[in-house]
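Open the model in your viewer and keep the selection panel at hand.

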Amino acid sequence: MISLLFRSSSLIRPLAVQKKDRDCPYLISAKIHATPSNYAGSGSKAASLHWTGERILSIALLGLAPVAFCYPGPAVDYSLAAALTVHGHWGLGQIVTDYVHGDFKIKMANAGLFLLSTVTFAGLCYFNYHDVGICKAVALLWSK
């Protein structure tokens with residue numbers, strides 16, 4: 001019984017409770033913070049891969065900033081357009097996950113998010129192709 005009270009995971013804290021009408025003790029787990037493994041099916045690595053992708057994208061964005069400053073060009077402009085769009089999409093997706101409730105509302109919010117992300121990426125690509133591009137536009141903003 002003592003081993004059940006001291007689990008290795010600090011996110012799941014069990015609470016032992018005796019039920020009066022039966023002789024056997026029951027363990028009620030009070031999950032303080034839910035981890036992605038609690039939501040994913042057994043053996044599913046989707047949440048872990050998504051988290052890893054977010055970290056890789058964040059590091060890539062940190063690397064793209066000095067590259068954009070030193071070597072502005074179409075490849076960096078389109079890389080920034082894609083990375084910034086995906087970064088914003090994932091960030092707003094977390095807001096939708098946290099604050100939108102109800103099946104219909106979630107579907108509508110996700111549809112709106114996909115539409116917003118598509119328009120954002122298309123707009124940035126249009127700006128890169130028909131205007132000076134993201135890198136030179138930021139340089140022009142800093143020069144004034």
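Start with Ala 65, Ala 68, Phe 69, Cys 135 and Val 138: of the 14 residues that line the second largest pocket of this predicted model, these lie nearest its centre. Helices α3, α4 and α6 (134-143) each give two or more residues to that lining, and α6 gives the most, with six.

Next, go to the largest pocket, with a volume of about 500 Å³. Select Ala 47, His 50, Glu 54, Gln 94 and Thr 97, the closest to its centre among 15 lining residues. The elements giving two or more residues here are α3 (46-70), α4 and α5; α4 contributes the most, six residues. By class, the lining of the largest pocket holds seven polar, six nonpolar and two charged residues.

Now select His 87, in helix α4 (residues 74-99). UniProt, in an unreviewed entry, places a "binding site" feature at His 87. His 87 counts as partly exposed because its relative accessibility is 39%. Leaving aside residues up to four places away in sequence, His 87 touches Leu 57, Ser 58 and Leu 61.

Last, move to Asn 128 in helix α5 (residues 103-130). Is Asn 128 buried or exposed? With 9% relative accessibility, Asn 128 counts as buried. A polar atom of the Asn 128 side chain lies 3.2 Å from the backbone oxygen of Asp 77. Beyond four places in sequence, Asn 128 touches Asp 77, Tyr 78, Ala 81, Gly 133 and Ile 134.

Technical notes:
Residues numbered from 1 in each chain as written. Predicted model: local features only at pLDDT ≥ 70, side-chain atom pairs only at ≥ 80, totals over all residues. Heavy atoms only, no water. Helix = DSSP H or I, 4+ residues; strand = E, 2+ residues; numbered from the N terminus. Buried < 20%, exposed > 50% of the residue type's maximum accessible area, 1.4 Å probe, protein only. Polar contact = N/O pair within 3.5 Å; in protein donor to acceptor, adjacent residues only side chain to side chain. Contact = heavy atoms within 4.5 Å. UniProt positions renumbered as here; feature names shortened; annotations may be inferred. 1 Å grid on protein atoms, 1.4 Å probe; cavity = no way out; pocket = protein on both sides within 12 Å on 5 of 7 lines; lining within 4 Å. Points joined across faces, edges and corners; volume = space filled by probe spheres on them. Nonpolar A, V, L, I, M, F, W, Y, C, P; charged D, E, K, R; others polar.
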